[in-house]
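Good morning, everyone, and thank you for making time for this short talk.

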Amino acid sequence: MREIDIPPLWLAIFLALAWALALMIPWHPFGVVGQGLGGAVVLAGLGLMGLALAQMLLGRTTFIPRRDPSALVTGGVFRLSRNPIYLGDAMVLTGAALWLDAPLALLLVPLFMAFIARRYIRDEEARLEAQFGAAYHEWAARVRRWL
């Protein structure tokens with residue numbers, strides 16, 4: 001069970017909830033503008049995730065939750081966010097809600113972020129603190145968890 005408890009699964013579940021809200025509640029105020037903006041936000045989120053993944057691979061550290069890191073990556077997109085992959089996930093969910101023209105689905109975004117922080121980020125931060133101590137604290141003092 002632990003092997004399938006990964007952030008992309010939870011993103012897919014939240015995306016399915018957004019889609020369900022779009023189908024169940026016929027309130028669609030965004031129209032074509034929402035589709036364009038939503039598509040752009042989804043692409044930006046995917047791009048952010050790709051950049052963060054590439055930087056972690058170049059840093060020779062894991063991007064898989066619940067594994068011990070071998071390096072502290074603090075450059076590139078990690079100067080903007082301590083969790084750019086999760087931020088990218090939140091952007092994908094936001095963009096999907098806009099694209100689906102489902103304004104109530106936007107309420108899922110802060111719920112998703114809180115869920116991810118509780119389920120993954122807290123543990124990852126504890127691992128980074130244990131592994132890198134002062135270097136982690138210095139970086140965490142400069143860079144916010146999300147943005």
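Let me begin with Asp-123, which is partly exposed because its relative accessible area is 31%, where buried means under 20%, exposed over 50%, and partly exposed in between, with a 1.4 Å probe and protein chains only. Please keep in mind that this is a predicted model, in which local features need pLDDT of at least 70 and side-chain atom pairs count only at pLDDT 80 or more, while totals for chains, interfaces and linings use all residues. Residues are numbered from 1 along each chain as its sequence is written, and side-chain values use heavy atoms, with hydrogens and water left out.

Asp-123 forms a salt bridge with Arg-127, their closest N and O atoms being 2.9 Å apart; the term stands for a side-chain nitrogen of Lys or Arg within 4 Å of a carboxyl oxygen of Asp or Glu. The two are four residues apart in helix 4, so about one helical turn separates them, and helices here are DSSP runs of H or I with at least four residues, numbered from the N terminus.

Which residues do salt bridges with shared partners join into one network? They are Asp-5, Arg-66 and Arg-119. Between Arg-66 and Asp-5 the closest N and O atoms are 3.1 Å apart, and because Arg-66 lies in the loop between helix 2 and helix 3 while Asp-5 lies in the segment before helix 1, this pair ties together parts that are 61 residues apart in sequence. For Arg-119 and Asp-5 the corresponding distance is 3.0 Å, and since Arg-119 belongs to helix 4, that pair ties together parts 114 residues apart in sequence. Asp-5 is buried, with a relative accessible area of 12%, whereas Arg-119, at 35%, counts as partly exposed. In total, the structure holds seven salt bridges.

The volume of the largest pocket is about 620 Å³, counted as the space filled by probe spheres set on the points. Of the 31 residues that line this pocket, the closest to its centre are Met-56, Phe-63, Ile-85, Tyr-86 and Glu-124. Helix 4 gives the largest share of the lining, seven residues.

Terms used. 1 Å grid on protein atoms, 1.4 Å probe; cavity = no way out; pocket = protein on both sides within 12 Å on 5 of 7 lines; lining within 4 Å.
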